[in-house]
Amino acid sequence: MEVIKPTLFDFHGVSMSNYFVKNWDEVQNFKARPDDILIATYPKTGTTWVCYMLDLLYFGQTCPERQTSTPLDDRVPFLEIAKPNLPTGKELADRLPTTPRLIKTHLPLQFVPKSFWEQNVRIVNVLRNAKDTAVSYYHFCRMNKGMPDPGDWSTFLQNFMEGKVVYGSWHDHVNGWWEKKETYPKIHPMFYEDLIQDTGREIDKLCSFLGLSRSDEEKKRVMEAVQFDNMKKNEMANPKTPAMDFKISPFMRKGKVGDWKNHFSVAQSEQFDEDYKKKMTDVTLQFRTEI
Ligand code: PPS
């Protein structure tokens, strides 16, 4: 069935589109388990990268056939997604046979089902600088019929700054998750830029957050598999749906820090920085826009 290009609407104060809120009640009533791991991110910040990393760290050795038999999207369901004629993310999560269950979400903090907090679930929060996120999001909306029409780059950028994109304001999303860490210590932030700079170090930190002991050899294997070029070639490790037109833009597009410089004009960059300063006042949260 053809996917109808969705529109944006205000949903409890956040811009959303139908496929991500259609299953709202079911999602809100999701029953998390204490050993679940939630990967919580704003879109386009490295979610798929970290999902794959986690899947390999947990199941790469014990269940290698999973790597070739099951697409990553089914191994790590997208909790709130509800697309026509497909199982919902919530159904896929309920059906997961693994322990732990790896579950991904792009929900802003205030929309996360309460059972995750009640069960004291460990959360990996992936973060990426706003400029590269905006660029990646723009190309994703261009190629994905499941996302609202982005318009041209300057229109999209303006909307991104105003939070008029699916999942709302990057600034609010990121600030919300960052602040939560103060009262909920089981959140592990991972910066995309750090991952690019030293994947091995970030895998070590992730393992220590999760209490996982993995041999150097195993971690090396994971590091190799999650490299951009290897993931790009691996059809099971990144999304592929009829809604996505890779001729317009691949999902694994560039995987770089600083691609924003190829998109932002000087005036756009200055305006963005001005706006950013007003919204991002917590000095403990620093992003790198180049490395
Ligand atoms: S989504 O659709 O919101 O889940 O997208 P998400 O996975 O969060 O982000 C997609 C961007 O992450 C890049 N990516 C990677 N970069 C470096 N190395 C690896 N292994 C990797 N895997 C995914 C992907 O290319 C998208 O970024 P851009 O800038 O568009 O290339």
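How far is an oxygen atom of the ligand from an N or O atom in the side chain of Thr48? The answer is 2.5 Å. This is a predicted model, where local features need pLDDT of at least 70, side-chain atom pairs count only at pLDDT 80 or more, and totals for chains, interfaces and linings use all residues. Residues are numbered from 1 along each chain as its sequence is written, and side-chain values use heavy atoms, with hydrogens and water left out.

**The ligand and its shell**

- There are 23 residues around the ligand, and Thr47, Thr48, Ser136, Tyr192 and Lys254 come nearest (a residue is near if one of its heavy atoms lies within 4 Å of the molecule).
- Polar contacts (pairs of N or O atoms within 3.5 Å) turn up elsewhere too: an oxygen atom of the ligand is 3.2 Å from a side-chain N or O atom of His106, and an oxygen atom of the ligand is 3.4 Å from one in the side chain of Lys104.
- On its own the ligand exposes 640 Å², and the protein buries 97% of that (accessible areas by the Shrake-Rupley method with a 1.4 Å probe).
- Helix 2 (47–59), helix 7 (130–143), helix 10 (192–197) and helix 13 (228–233) each give two or more residues to the shell; helices here are DSSP runs of H or I, at least four residues, and strands are runs of E, at least two, numbered from the N terminus.
- Helix 2 gives the most, with three residues.
- By type, the shell splits into ten nonpolar, eight polar and five charged residues (Ala, Val, Leu, Ile, Met, Phe, Trp, Tyr, Cys and Pro are nonpolar; Asp, Glu, Lys and Arg are charged; the others, Gly among them, are polar).

**Helix 9 against helix 14**

- The axes of helix 9 (residues 170–180) and helix 14 (residues 266–279) come within 11 Å and cross at roughly 35 degrees (axes are lines fitted to C-alpha atoms over the stretch in contact, with angles from 0 to 180 degrees between N-to-C directions).
- Trp170, His171 and Asn175 of helix 9 make the contact with Asp275, Tyr276 and Lys279 of helix 14 (heavy atoms within 4.5 Å).

- Most residues other than glycine have a negative phi, and most peptide bonds are trans.
- The Thr99 to Pro100 peptide bond is cis, with omega near 0 degrees, and Pro100 sits in the loop between helix 5 (89–95) and strand 4 (102–105).
- Asn85 has a positive phi, near 60 degrees, and lies in the loop between helix 4 (72–75) and helix 5.

Conventions. A polar contact is a pair of N or O atoms within 3.5 Å; within protein, one must be able to donate a hydrogen and the other to accept it, and residues adjacent in sequence count only if both atoms are side-chain atoms.
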